Amino acid sequence: MIYQSKLLVILATYNEIDNLPRLIHQLNEHLEHADVLIIDDSSPDGTGNWAQQLSEKSSQVEVIHRSQKSGLGSAAVAGFQWALERDYELIATLDADLSHDPGSLAKMVATMDKTENRDLELALGSRYVEGGKTEGWPLTRRLASRLVNFYSRLVLRLKTRDNSGAFRIYRRSAIEQIDLSSLKSDDFAYLQEIVWRLKKMNIKMKEFPITFRNRTRGKSKATISMGIGIFWKITKMAIGLWR
């Protein structure tokens, strides 16, 4: 039997006016029952204004406007808190730049909605399990991603292979087990941190193969300094684990 859990899709945006309208259209095609929460960090390109206009027309879209660019991790926490204050059973996150396929998200939601999978609390879209892949990435970025994931698996003792991707579905019960105010990472490193924390709680998680397509419009938010910061934060988590 398949249920249709109440689903919230969280989209953190900064300068995604070229991608967000197309993404919303695709979400409506594949997951017409889903609600969408857009968290915009005062995008100068008008992303937030477009999202606000959409929310005034659609009861399924809400917008949180933040006064400055505050990081992917803090946006996710704001979205989780917003979802927990309401009766959402499934909480999904994905990139707003069309790198993630809403069709794959729909398949993951359908799997989690099956009766026999009600104990599955975290579904991770994975580039690094059989059937998963990336398209359009230069070699340097492929190597950097592999290295981050190898390092996080090694020092944090994670069994999942793709711990740096934002394409995920959390069951409400998983998020409720985390003290969101205690998360240390407000940037991309939150992705590894939250998997690490949930692993310590022995929740059931599963990876699903996805195709990650490099953005064709707009500019990536990732920088070399962010990459270095992620390694340092993973190292600090590992030190806490060893202690």
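Predicted model: local features only at pLDDT ≥ 70, side-chain atom pairs only at ≥ 80, totals over all residues.
Let me begin with arginine 213, which is partly exposed because its relative accessible area is 37%, where buried means under 20% relative accessible area, exposed over 50% and partly exposed in between, with a 1.4 Å probe and protein chains only. Residues are numbered from 1 along each chain as its sequence is written, and side-chain values use heavy atoms, with hydrogens and water left out.

The side chain of arginine 213 meets that of glutamate 135 in a salt bridge, at 3.3 Å from N to O; by salt bridge I mean a side-chain nitrogen of Lys or Arg within 4 Å of a carboxyl oxygen of Asp or Glu. This pair links distant parts of the chain, since arginine 213 is in strand β9 (residues 211-213) and glutamate 135 in strand β6 (residues 133-135), 78 residues apart. Helices (H or I, at least four residues) and strands (E, at least two) are DSSP runs, numbered from the N terminus. Glutamate 135, at 31% relative accessibility, also counts as partly exposed, and a network of salt bridges links Lys133, Glu135 and Arg213.

How many salt bridges does the structure hold? There are 12, and as a general point, side chains of opposite charge can pair when their charged atoms come close. Another of these joins the side chains of glutamate 89 and arginine 171, at 3.2 Å from N to O. Glutamate 89 lies in the loop between α3 (72-84) and β4 (90-93), and arginine 171 in strand β7 (residues 168-171), so the pair ties together parts that are 82 residues apart in sequence. Glutamate 89 is partly exposed, with a relative accessible area of 25%, whereas arginine 171, at 3%, counts as buried. A further salt bridge is formed by the side chains of arginine 86 and glutamate 85, at 3.4 Å from N to O; here arginine 86 is partly exposed at 33% relative accessibility, and glutamate 85 is exposed at 62%.

Let me turn to helix α2. In this helix, residues 47-57, the buried residues are Thr47, Gly48, Ala51, Leu54 and Ser55. Why do they count as being on the same side of α2? They cover an arc of only 120° around the axis, which puts them on the same side of the helix, the arc being that of the directions from the helix axis to the C-beta atoms. The face of α2 turned away from the buried side carries the exposed residues Asn49, Glu56 and Lys57, while the cover over the buried residues includes β1 (7-13), α1 (20-30), β2 (35-40) and β3 (61-65). Contact, here and below, means heavy atoms within 4.5 Å.

Threonine 93, in strand β4, counts as buried at 5% relative accessibility, and its side chain reaches the backbone oxygen of alanine 166 at 2.6 Å. For such a polar contact, a pair of N or O atoms must be within 3.5 Å; within protein, one must be able to donate a hydrogen and the other to accept it, and residues adjacent in sequence count only if both atoms are side-chain atoms. Leaving aside neighbours within four places in sequence, threonine 93 is in contact with residues including Ile10, Phe80, Phe167 and Tyr190.

Asparagine 149 lies in helix α5 and is buried, with a relative accessible area of 2%. The side chain of asparagine 149 reaches the backbone nitrogen of asparagine 163 at 2.6 Å, and, not counting residues up to four places away in sequence, asparagine 149 touches Arg127, Tyr128, Arg161, Asp162, Asn163 and Ser164.

Finally, a word on the backbone. Most residues other than glycine have a negative phi. Leucine 98, however, has a positive phi of about 70° although it is not a glycine; leucine 98 lies in the loop between β4 and α4 (102-113) and counts as buried at 18% relative accessibility. Asparagine 202 likewise has a positive phi, of about 60°, and is found in the loop between α7 (190-200) and β8 (204-209), but asparagine 202 is exposed, with a relative accessible area of 68%.
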